[in-house]
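I opened this entry to keep track of what I looked up in the structure, element by element. The model itself goes first, and my notes follow it.

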Amino acid sequence: MKNHKPNRHLRPISQRISVLSKAPTGIRGLDELTEGGLPKGRPTLLCGSAGCGKTLLAMEFLVRGAQDFAEPGVFMAFEESTWELTQNFASLGHDLRALVADKKLVLDFVHIEPSEIEETGDYDLEGLFVRLGQAIDSIGAKRVVLDTVEALFSGLSNTAVLRAELRRLFRWLKEKGVTAIITGERGENSLTRYGLEEYVADCVIVLDHRVEGQMATRRLRIVKYRGSTHGTSEYPFLIDEGGISILPITSMGLTHEAGTERVSSGVSRLDAMMSGKGYYRGSSVLVSGTAGSGKTSLAAHFAFAATARGERCLWFAFEESESQIIRNMRSIGLDLEPAVRGGILRIHAERPTICGLEMHLVTIHKLVNEFKPRVVVIDPVSNFAALGSDAQVRAMMTRLIDFFKMQRITALITTLTGGSTLVEAVEAGVSSLMDAWLLLRDVQNGAERNRVLHLVKSRGMAHSNQVREFLLTDHGVEMRDVYAGPSGALLAGSARDALEAREKAEALVREQETDGTKRALERRRQAMEAQIAALRAEFEVGQVEATKTIGQDQTRGGVLASDRMEMARLRQSDAGAARKVLKHKRGAPS
Amino acid sequence: MTTKSKTAAREAKGRPLAFDQIRVKPGGPRYTLRLYVAGMKPRSARAIANIKEICEEHLRGLYVLEVIDIYQQPALAAGDQIIAVPTLLKKLTPPLRRLIGDLSDRERVLVGLDLKAKT
């Protein structure tokens with residue numbers, strides 16, 4: 001065993017070679033997907049069918065590079081003239097002329113006119129090399145776009161020469177150390193019509209513009225990225241006045257933080273049903289219900305409460321226009337207009353059928369990133385069902401909810417359910433994603449329909465299991481207890497009122513009965529007291545008489561004595577004694 | 001160039017243009033040719049030799065030939081949309097034509113210079 005020493009040649013990989021460095025594209029979403037950008041100093045193949053945004057993406061790569069990363073670029077166009085390019089990109093908000101004037105960009109139009117060309121022998125493409133080299137050196141370009149180099153194949157017939165020259169071109173670009181995008185037209189059975197992918201092997205991005213159910217959606221996929229991990233799915237992207245936005249909107253995993261902060265639902269009685277505090281911040285709330293059951297009104301309360309707290313609210317309306325919502329909500333006493341004017345509430349109204357599912361997702365992402373709301377309302381989400389299969393809608397909802405959760409946005413999502421039998425079953429797919437679920441339902445009693453609200457679930461908090469009657473009044477949503485009839489059926493509306501009235505009447509009767517008893521008792525007490533009074537009166541009469549009798553007796557005794565004395569005086573026996581007695585009697589009161 | 005000669009050139013497409021017909025018309029050189037080459041490679045030398053031979057044979061006294069090295073004058077090459085080299089640019093007579101390659105296929109060169117009809 002001679003190999004005791006550690007092998008000096010086997011150092012960790014990271015020390016032996018530097019990790020592949022990347023050139024950030026500055027395009028929203030693409031840098032996340034590629035985990036930093038395109039492979040720096042290497043060519044990337046960008047292929048796709050006509051009109052899927054190759055030129056735009058490539059140009060944006062250059063413009064962003066020149067503006068944001070101090071990397072000047074050369075755009076070599078084979079299909080559009082520089083004037084056309086300038087015009088086209090002016091409409092997307094890029095002033096290419098200014099960049100050219102600042103020596104940050106070179107636009108070069110290589111015009112190949114097949115009718116002019118006659119091949120007379122052996123040749124190479126040195127002219128293209130010299131021209132490109134010249135352009136790169138003139139501004140010290142770090143980025144190059146060739147759009148699309150395949151146009152050469154239409155003008156030059158010697159494909160053997162072309163292939164050899166293209167291989168040389170890509171090698172040459174690598175040697176130059178420029179980060180290049182080579183665009184290519186999508187072929188029948190291959191990525192590009194002329195098999196460019198054989199030469200550009202470092203990074204291949206495919207753009208696609210598919211129509212499904214009359215909805216066209218642009219999608220991007222990274223087929224290959226040598227030496228780097230990357231997102232592998234197809235990602236929808238959007239082209240608008242701000243350029244391209246690609247959103248890596250696969251499910252981002254369940255890593256969001258769950259806070260304990262609560263936000264009011266905007267209806268105090270509803271908050272009371274959720275241990276008095278409302279929803280959790282960052283949770284997703286599903287409000288499902290049949291037509292006209294008050295979903296939008298409940299959403300409006302939520303939005304109104306948010307704006308009253310000073311939180312930004314973004315409302316995606318897929319059924320009503322902005323002014324319609326404002327008008328309708330005013331009828332229940334919620335004026336959303338000041339919030340809209342104040343820029344704190346934004347209503348984005350759009351027909352769902354305007355674009356495909358993923359485009360909606362992209363739009364929502366984009367607006368949320370722009371507006372940075374704390375509260376989002378989507379009203380209603382059920383209209384998306386028409387845009388895709390159940391699985392697609394569910395996938396979209398998952399992405400959407402994950403996105404909101406990652407951003408700690410409290411989302412209230414309404415969905416319309418059919419009026420038929422099992423209301424709960426319909427949303428089973430979506431509802432499992434939701435943290436709280438309010439079910440609004442019509443209850444038919446006699447000749448009327450009444451709204452009732454169930455709090456089907458509310459994760460992570462004590463909540464009421466009771467059904468509430470849900471009223472839309474001119475001062476907002478009101479909740480009232482629901483009466484359960486004798487048979488266990490829900491009683492709401494006038495049936496409830498009738499029951500209430502009946503109960504009130506019964507109470508009155510009971511009250512009256514009690515009053516009667518009380519009065520009878522009083523009467524008896526009064527009778528008793530009258531008797532007592534009579535007895536007392538009688539007694540008093542007796543007493544008076546008795547006293548009188550006693551007095552009379554005494555008087556009579558006195559009189560008898562004086563009579564006796566008088567008689568004695570008259571008889572003149574003991575006259576002195578008789579006078580004394582008389583004197584004494586006159587001086588004393590009787 | 002006048003429209004008249006354009007028509008003539010167009011008419012000429014159908015049949016071989018009699019060299020004498022051109023020659024009798026006065027007014028100096030009628031062919032303006034520009035040959036772009038990339039340095040002094042064997043291919044460049046071959047192209048130069050070929051075009052000189054053809055011109056002397058068919059266009060004596062009727063042509064102006066410039067030979068330009070794209071390394072020396074890249075701007076000129078870019079202005080003339082030179083991609084492949086060697087390229088012989090027939091600026092005059094119209095129509096403009098690019099004869100790509102080392103000009104060793106004499107038939108094609110003659111066709112390209114409108115000295116012979118396409119077969």
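Predicted model: local features only at pLDDT ≥ 70, side-chain atom pairs only at ≥ 80, totals over all residues.

Residues are numbered from 1 along each chain as its sequence is written, and chains are lettered from A and ligands numbered from 1 in the order in which they are written.

**Helix H17(A).** I looked up its extent and found 78 residues, 493-570, reaching 110 Å from the first C-alpha to the last, close to the 116 Å expected at 1.5 Å a residue (the expected span is 1.5 Å times one less than the number of residues). Helices here are DSSP runs of H or I with at least four residues, and strands are E runs of at least two, numbered from the N terminus. I then checked burial (buried means 20 or more other C-beta atoms within 10 Å of a residue's own, exposed 12 or fewer, partly exposed in between, with C-beta atoms placed from the backbone). H17(A) is hardly covered, with three buried residues among its 78, namely A:Gly493, A:Ala495 and A:Arg496.

**Strand E16(A).** Strands pair if DSSP finds at least two bridges between them; E16(A) runs parallel to E17(A), residues 345-349, over five bridges, and A:Cys313 stands opposite A:Leu345. Five bridges also join E16(A) to the parallel strand E18(A), residues 375-379, where A:Val376 is the bridge partner of A:Leu314.

**Between the chains.** I counted contacts (C-beta atoms, placed from the backbone, within 7 Å) and found 29 residues of chain B touching 20 residues of chain A. On the chain B side, helix H4 (74-79), strand E4 (97-100) and helix H5 (106-112) each give two or more residues. Strand E6(A), residues 117-119, pairs with E4(B) in the parallel sense over three bridges, and A:Ile117 has B:Arg98 as its bridge partner.

**Confidence.** For the complex, the predictor gives an ipTM of 0.76 and a pTM of 0.64. Chain B averages a pLDDT (the predictor's confidence in each residue, from 0 to 100) of 78, and 75% of its residues score at least 70.

Notes: Contact = placed C-beta atoms within 7 Å.
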